[in-house]
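Here are a few friendly notes to read alongside the model. Please keep it open while you go through the points.

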Amino acid sequence: MVFSSHLFLFYFLPAALALYYVMPRRGKHLVLTLLSYAFYGWANPLFVTLMFTSTLVDYLCGLVIARQFSTSWSQPVRVLDRDAPRSRTQRIALIVSVCSNLALLGFFKYFNFAAESYDSLVAAVGLEGLRLDTILQITLPLGISFYTFQSMSYTIDVYRGEAGAVRNFIDFACYVSMFPQLVAGPIIRFREIADQFASRDHTAEKFARGAAFVCCGLAKKVLLANTCGKVADMAFKAGSVGFVDAWYGAAAYAFQIYFDFSGYSDMAIGLGLMLGFVFPKNFDSPYVAQSITEFWRRWHISLSTWLRDYLYFPLGGNRKGRARTYVNLAVVMLLGGLWHGAAANFLVWGAIHGALLAVERARGKSSIYHRLPRPVKILLTFIIVCFAWVFFRADNLPHAVAYCRSMIGLGGPAGGAALIAGLIYQPYYLISMAGAAAVTWLCPQTWDFTRRITAPKAACVLALLAAGATVLATQEFNPFIYFLF
Amino acid sequence: MTDKTDTPEPRLTREQIAKIEIGRTDISRRAAWLLAGCFLAVVCAVPLAQCACELLADPSRPPQPLDIFRSLPAAARAYRQADGSVLDKALAANAAVLRAKDRFADTLEGLSFQSRLLRPLVQAPMTRWGGQGTEKAYVGRDGWLFFRDALDLVTGPGFLERRHLAKRRAEGNEYTPAPQGDPRKAILQFHDQLARRGIRLIVVPVPVKAMIHPEKFSARFDGFDGVLYNPSFERLKRTLEDAGVLVFDPAPLLAEARKSTGREQFLRTDTHWTPEAMDLVAGHLAEFVSRRVALTPYRVSYVRPAGPVKVANVGDIARMLGLGEDQRLFKAQTVEIRPVFAAGAARLMWRPRKDAQVLLLGDSFTNVYSLDGMRWGESAGLAEQLSFHMKRPIDRIARNDAGAFATRRALGRKLAAGRDRLEGKKVVIWQFAARELAVGDWKLLDMTVGKPAPSNFFVPDADSTMVVSGTVSAVSAVPRPGSVPYKDHICQIHLIDLKDNSGRPMPGRQAVVFMWSMRDKKLTRPARYREGQSVTLRIRAWLGEPERLHGRTNTSEFNEDEIEDILNVPLCWGEEISQ
């Protein structure tokens, strides 16, 4: 169930809000957990058992790490001393938590990729007899990449002494499963939201700003992401496209993924506000970045900070010399690419960004074009990001390479592929692309736009809701890219 | 240019910054209540209005949003009925729930008053000024419309490329098996099955509109006078011909006709060819067959009246835009058809003959101008024209849509039931739309002639009608009106706990019943049947009059995963009596 669907917007959401608000304070987390499990189970009821198991394991591991079983349950849970040594039991509990999460992720997301890669490798070196030929029909559980990271960060934080363990299982289950951010983030760390589980206020102002976020997010998704997505789909599904079509398609995909994901994040933040929770910003106008380093400070912030805190820093960050810093950056970006999808093209996407980050780090975090005027720097960064998106969007690596060849003028439209011009340059799509560009570079982001809500702005927000809901009623193309991750 | 939001002290976490930011929200209490109230009013008004509309239309039936609760008994039944371990049973129950909830979500959106109300209002300006079609109907130039699947064949990668075949393999889900995407396997298997009985196979992949008229979609093809093939087409043709399959490709003929006459070979707002194009192909196909297959002479001849009959209609793609029946954006196109009659004073309309040596398996390209439901006239379809040109009777099995599979399945079903439809045949002409090469399900099918075996499924005696009641166990897929190019559709209902009029259990206690699921682009009540629902129907055997009347209508049927040995199950035709 995506937020921008008829079912969610007009059935699940009103029912969820009604149930949440009629429930007395003590039962709100329980009802929110049950609603979240229903929301999650809508994709596939069996996935619920998986998420519940993961939640239970991490909850118990958290308690073991915090030595809760050795102290009285009537005493408050204490945060561990950061510098004190950890016992063997605590280490084992941490390993169990991390391994169980990684095993879940590894099996459901990477098993087939690993088996296929192994088969290709042994075939390449002439050892056909060692092939596994084991491809399982595995359905990727929705949001698994998000909730495993989120729940793993909890036990790591408890172990590091950066967060206290949670004693109430319902609270923890609610944190892991909370439907506004369950399937596509933002990735929330328990330590940052624990106080909101203890107490949070529900005010009309918060609800109204949440509603404004939802309306803006819906409009981004339905009016911009879906139309740009149609153009991108035509370009990437075509057999072989020409130079102009290829760039137009790549730009369309850049807009699609940005408005799709940031629109979804806006809706997640808005829904959180309606339920009294405050989630952090996940996008900060990434396409105004003047370098790739800056881009990653603005794009999917919750993932990049997660990778920084739980991967880059433990690898040594920039404290072990320049060469090691570059290697660490590359490793983090490669794994970041792999996190998005188990395929070689995602690895290449991560490698491109990792390499560019390393180059910019060597130049003091500035791009190789940092002396150029600001609009040019923004444009060049956007072009690089677009080029890298090709690897993210393509069906596989050969497809990405073929598409890139078209983008540098080495490919050409083969036969009927040139026909896509009849669709992608229709006025409706041209206007949508122009609208997407205008919103990207000329309009304020949702956080700024909704900070001060005047009567005209409220009317504008409601008009966006009406436009979004109207187009939604007629639109059949409504994918959500991050559902795949 | 967008500015970054205020950046507070660097030591603050992102969550703390967010809290400060939310705390700074500047909105008056009145405006906050008003905004929140309006938002809630909008999201609550839609479901409430939907329920009210449904209750007003049919007070006896609970509103459709409540149907979701019916999926739970279906899951319990699937769990009980599944064989194997607890895990197997759980997977079966899970698949039943997934199927039910997908149907629920589809119907909820399809039947939403909001969608029906807004769609024509929004779609009309978007089509007129924006060139925006729908997911299935694309807007071309000069008032032409194109079917998306057909266009994808031309613009997409080769249908035999690994990238494409891998995508097809990933199309299945927990309750629908992935399609068999490689046409070569199915065509060669069918060829071998026929060859073993001494029957030749001729495949006729009818080109899609964009292959012949690309200039009507993009100005880049102005002046183009060739054929736009999918990159894999030549490879397929070569493979088939190497294996002895006869391939009759009408595309060069149509391109040549367009070039020499300047006339349109396809209907402007419809998926199909013009009557002239069809007649041209029929004439050349007749010649192609007579040169390659030795047929015994026949003394039956057919005539076409001297004056053509004029038919005016708005095409199926225009209807898919959902602009409403009174739309004025796309005008009706008038064509001249030439119906075929049996020679003689009685002027009997052409009929297929089961004793013919030629069997034509065809899809909507065969049915157009023949099947009245398609609104382009009668008795002037491909089988009729072919019969006229060959001067001999022809047997025909035609199913709209899914020509890659539906006609073979219909043939296979007859053979399995012991009705040898291939008896006496010398040649089978298998016509399908070329788009099927990229999107069709080329399932491998058994074509063995079976013996009628006792079945657990009930079917009334031929020509008799019975009133029965039962519980719905499953409903085959039902398309959403407007998302498909046709206006009528038939689905299958699996009934269990079957009882007769007096409440006595029926032999076998179960039946598979064909019923209307869509009439004139509106879903019928059977389309909304849910697992566990009790229904009372008037049923009769499908083979016979019902098949003759409705057999060429678009149909969805259960697959082997849903009902075991479905090809051998005797089928019924049903009409609802009461709920």
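1. Chain B exposes about 24900 Å², and carbon and sulfur atoms supply 53% of it. Accessible areas here come from the Shrake-Rupley method with a 1.4 Å probe, and for residues only the protein chains shown count as cover.

2. A word on the basis: this is a predicted model, in which local features need pLDDT of at least 70 and side-chain atom pairs count only at pLDDT 80 or more, while totals for chains, interfaces and linings use all residues. Residues are numbered from 1 along each chain as its sequence is written, chains are lettered from A and ligands numbered from 1 in the order in which they are written, and side-chain values use heavy atoms, with hydrogens and water left out.

3. For the fold, I would start with the 18 helices and 17 strands of chain B (DSSP runs numbered from the N terminus: H or I of at least four residues for helices, E of at least two for strands). The radius of gyration of chain B is 27 Å, close to the 25 Å from the globule rule for 579 residues, so chain B is as compact as a globular protein of that length. That radius is taken over C-alpha atoms, and the rule is 2.2 Å times the number of residues to the power 0.38. Along its principal axes, the C-alpha trace of chain B spans about 90 × 70 × 45 Å.

4. Buried residues account for 56% of the 579 in chain B (buried is under 20% relative accessible area, exposed over 50%, partly exposed in between; 1.4 Å probe, protein chains only). Of the contacts in chain B between residues at least 6 apart in sequence, 76% join residues at least 24 apart, a contact being heavy atoms within 4.5 Å.

5. On to the interface: chain A contributes 88 residues to the contact and chain B 74. Together the two chains bury about 7300 Å², 62% of it on carbon and sulfur atoms; buried area is the accessible area (1.4 Å probe) that two parts lose on being put together, summed over both. A:Leu419, A:Arg451 and A:Glu476 supply 10% of the area that chain A buries against chain B, more than any other three residues.

6. Do look at B:Ala92, which sits in helix H4 (residues 86–110) of chain B. With 25% relative accessibility, B:Ala92 counts as partly exposed. Leaving aside residues up to four places away in sequence, B:Ala92 touches B:Ala78 and B:Ala82.

7. Finally, A:Trp447 lies in helix H19 (residues 446–449) of chain A and, at 4% relative accessibility, counts as buried.
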